Structures are given as structure tokens and as C-alpha cells.
Amino acid sequence: MRVRSVAVAAAAALTVAACGGADDDTAGGGGSSEITVWMYPVIPDQDASIAFWDQVEADFEAEHDDIDLTIEQQPWEGRDEKIATAIASGQGPDLVLLTPDQTLQYQVSGGLKPLDGAIEDERDAFLPSALDVVTFDDELYGVPIYHTSTTTAYNMAAFEAAGITEPPATWEDVLAAAPALAANGVSVLDYSGSPETTLNLTFYPLLWQAGGTIFTEDGSDVAFDGPEGMAALQFLLDLQEAGGLPADAATKTNLVDGGPLTTGTTAMTYAITLPDIEIMRTALGADNVVVGAPLTGEEQVSFGIPGVLALTSINEDEEAAYEVASFIASPEVNAGLNAEAGTFPARTDVEAPTGDEALATLADALQYARPGEVQPTSRQVMAVLSAQLQAALQGSKSPEDALADAAAEARDLIARGG
């Protein structure tokens, strides 16, 4: 079967009948099992993404003539709501691409089944950290198929025009550079405060760099309203006051193409992936873009997670789903996906892509990467905190009130189990 386009997949996602199980008259062999995978734009270029997953489908079916594989490409927008609705209605995918925090959320709610059987003979081939973060109650709930990495990137032409010859490596450096850049009409740091943008790429890295976390270690309470959270938010507000953030920081998304990083009105970012680095290079000239190590506050931290295939409770043919998950997680597909998407191996037997300094720097940044905040209410708490951070950036709430109000709402969510 062919990979469906984003538009078709999105429209059909919740109306198609669940296609996970083998039909009653084909169960037990002799017929064709049907497995549907929901995939997302890991490969940013839509045409390249369609071509890649189309080839994966064809290669899999060439080796498994008893399994009919359909890979439906879905948009990032509305992902959580769509997946939750699909699982609840019993109409949706057998396998779905998730992040670690999503995996725990759906595991706790009973929406997923263990996937140990997909890689039982090759667990040692995967990064232990990539498996550990999706292992709950001693069972594996996600098969890693790639690993992301983020780090800093600088428009050095903007810095040099302001008389700054070394890229800022610490919070203090960033704050010190803000006035000179602002005098040239350039903000030093990109920040995206729209609630549509995941905090994993905006506020969370700053909180971790301040030495903080969203949750307490046991997950029973939130911790972002402590001094570390205040330091991270105050860092942003101090930059904003100095003209160091984009004027629309409170409402903008993190779209790089056409945004301030590519128009030259913002000089650096601290949580960027390889595809967006390439967009910066195209817009600004490769010689003007420098890729550096993760930014340092009290700690040096970046964001990076494994993308995992999870088995939904909709599925009725676990063995067929295991075959699909194992194939997509195989060294050959893993290496090809990394090359197309600018991601990194989730396996120890696959070499990281090479080619330029950005790849090497991103690979090195993996040692500083945290996989988000993996708790059952992570996504709900993120939504609550995002709205309050936006209010602080818009000046409608003090930083103290914004964090206190977010914490109160988050504690209520935790008490109610989400």
C-alpha cells in the first residue's frame, strides 16, 4: 500500500475502521494481517518523507507477504488529542510514534500494550537510556527508531556587527550581549512563547540549565515554582527588558523558516535541530552560522529524546505488530532515517551521520540531553505552565504569580490524576 499524504491521513484518521487485528477467517496464518502505523514529520521535507516511508512499506511487504503494512503520515498539530481520541474510540493505528512522556501517559491510561517481544533478541543493540525512559513496571512500551539532539546556533554576522567576536556560551554572556545587539535592532536570543510550541524546546531547557525540574523526583508534586524556575523565567524577562527577545516572543511559534533567525533580526537560539540549522545556513549563508555546545546556566543541559514506536491497545495481532516495529527499528531503516531526518541513532550498532561540524557538535551534545519530563501528567502540566509563562511575557502577570498560579493548577491536575 502507498504512504498516504498528510491531508488524507488527517482527514481519515478517526473515521477508518481499526485495522490492527487479523480478520476472524485469516487469524492463525494463511491470510494477510493488516498493520497501520501513524508516523509524523520526523523528516521535515514532505516529499522526502513520503518517498522514504513509501520505500519502507515496500521493503517490509517484500519480506513479509502475510502482513499488509500502511504507514499514514500525520501532522504534528493536534497530535495528542487525535491519538487519545483514536485509542479511546478503538479506531486508529496499531503502532504510533510517541515521545517518552506521551508513552507513559498512554501506558498509565491503558492505551498501550508492552512491546518487549519486538526486540527481545536484540535489546543490547539499543542505547540503554533510550529503552530505560520508556520502560514502565519492568516492561518496554516503546521501540526507539531515532534519537533527537538539540544545541545552540549563532548568526555570527549579527554578533560581529555589534562588536562581539565570541558566541555567547553562558547565560551571563547572553545577557551581556543583549544591549549591543539591541542597538542594531537585533534580539540576542530566540524564544517562542506560543502555547502551540512544546516547552521541551523553549522553557524546559532553561529550567534545567538553572538546575531545576518540572516535577519532584518521585513525581508526586511540581518543583518548577522554586528558585530555579524563577531564575529561568527572570532570565527571559531580563532579556525582554533589554530588547534581547523578539518583540513577539510571547506569541510566536518556533518556526525557523521565515522567522527572526533567518531574517537576521535574532542572533542565536539554544534548542535547534539539524534541519533547522540547514534552514539558517540557506538563509544567512553557511559561513555566517556557527553551531556550538549547549548553553550553560548553573548547568549545561540540552533537550534530546528517542522517538519510539508504541503498540496501542487497538491492536489485535501482536506478532504482526512486533514484526513491523522490529523492521522499522532495524539498523538499515534506522541509518536511512537518520540520514533523511538529521536525527541520530537509537542503536549502538549504527554509526551517527557524518559530514560537517554541525553533525559532530549535535552528536556531542547528546551527552547533555534530557528527554523531557516523563510523568503521567507531563503534557497536561505543560499546557498549564505554557499559558502562565505567556502571561508573564505579556506583562499581565508577575513572574511570581505566573509560576504560583501554574503550580496550583498543576497540583490539582496531579491530585486528579490528569
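β9 and β10 pair in the parallel sense, over 2 bridges. This is a predicted model. The two strands belong to an open sheet of 4 strands, ordered β9-β10-β8-β11, with mixed pairing. From one strand to the next, the twist averages 20°.

**Strand pairing**

- Strands of a sheet pair through backbone hydrogen bonds, in either a parallel or an antiparallel sense.
- On the β9 side, Leu189 stands opposite Met268 in β10.
- Strand β8 (residues 151-155) and strand β10 (residues 266-272) run antiparallel, joined by 3 bridges.
- Ala153 has Thr269 in β10 as its bridge partner.

**Helices on the sheet**

- Helix α7 (residues 171-183) packs on the sheet and touches β9 and β10.
- The direction of α7 makes about 160° with that of β9.
- Helix α11 (residues 274-284) also packs on the sheet, where it touches β8, β10 and β11.
- The direction of α11 makes about 5° with that of β8.

**Burial of β10**

- How many residues of β10 are buried? The count is 7 of the 7, so the strand is largely enclosed by the rest of the structure.
- Buried here means under 20% relative accessible area.
- In the strand order, β10 sits between β9 and β8.
- Both α7 and α11 touch β10.

Key: Residues are numbered from 1 along each chain as its sequence is written. This is a predicted model: local features need pLDDT of at least 70, side-chain atom pairs count only at pLDDT 80 or more; totals for chains, interfaces and linings use all residues. Side-chain values use heavy atoms; hydrogens and water are left out. Two strands pair if DSSP finds at least two bridges between them. Axes are lines fitted to C-alpha atoms, for helices over the stretch in contact, and angles run from 0 to 180 degrees between N-to-C directions. Contact means heavy atoms within 4.5 Å. Buried means under 20% relative accessible area, exposed over 50%, partly exposed in between (1.4 Å probe, protein chains only).
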